[in-house]
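The model is shown first.

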Amino acid sequence: MIAAFFAVAFLLLSVYAAFLLRVREGLRTYDEVRNGPLRAERVEPFLSVTVVVPMRNEAANAASCVRSLGSQDYPSSLLECIIADDGSEDGTADIVSAAISGDPRFRLLSLRDGAAGKKAAIETAVAASRGDLILTTDADCTHDPGWVAAMAAEAGRGFDVVAGPVLYDPSTTVFERMQALEFLGLVGVGAG
């Protein structure tokens, strides 16, 4: 019985070690692609980009998300941001409407009757989009000014899918720190 336990433990440890080596190799390849000769071949942004943000009851986050998207270093004529409100009951739509007032890059959509949920919000926004490239983000995220440009540059190099890491705000509780550490592992696995 003990021998079987150690055999199973050794097998699981071997599979886990092989997985970690594969992630390490993926990260090494990623680093070579990011810092290799292809980096010098980047071109100026040329894709029209639609940023899709589904929101439901995000009154606490909506204004900062919209502000960060409004401060993108990307040609205004090539950028549109569609906020899809999924029936918020906390005034999210009013906050977004005030935050985007007068900015032609932004549109606020409300879901049709019968449509509900994040998937429906994304589908509605994508159907209304005009961009060559569609980026999705969440309402509780804020973005550095170069986020859209960096994603568009990678997509412009011919990649079909582009993903970036998500960083948590500074954590204060032990639980938040554990959550951030777990998420860091997911980001690393995804990159690898």
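Helix α2 (residues 62–70) packs against helix α3 (residues 92–100) at about 30 degrees, with the axes 9 Å apart. That angle makes α2 roughly parallel to α3 (angles under 35 degrees count as such). The crossing of α2 and α3 is right-handed, that is, the near helix is turned clockwise from the far one by less than a right angle. Axes are lines fitted to C-alpha atoms over the stretch in contact, and angles run from 0 to 180 degrees between N-to-C directions.

The model is predicted: local features need pLDDT of at least 70, side-chain atom pairs need 80 or more, and totals for chains, interfaces and linings use all residues. Residues are numbered from 1 along each chain, and side-chain values use heavy atoms, without hydrogens or water.

In α2, Ala-62, Ala-63 and Val-66 meet Thr-92, Ile-95, Val-96, Ala-99 and Ile-100 of α3 (contact: heavy atoms within 4.5 Å).

The second largest pocket has a volume of about 200 Å³. Its lining has 13 residues; Ile-134, Leu-135, Thr-136, Val-162 and Ala-163 lie nearest the centre. Strand β4 (133–136) and helix α5 (147–156) each supply at least two lining residues. The largest share, four residues, comes from β4.

Residue classes for both sites:

| α2 with α3 contact | seven residues | one residue | no residues |

Note on methods. Parallel < 35°, antiparallel > 145°, perpendicular 65-115°, else oblique. Nonpolar A, V, L, I, M, F, W, Y, C, P; charged D, E, K, R; others polar. 1 Å grid on protein atoms, 1.4 Å probe; cavity = no way out; pocket = protein on both sides within 12 Å on 5 of 7 lines; lining within 4 Å. Points joined across faces, edges and corners; volume = space filled by probe spheres on them.
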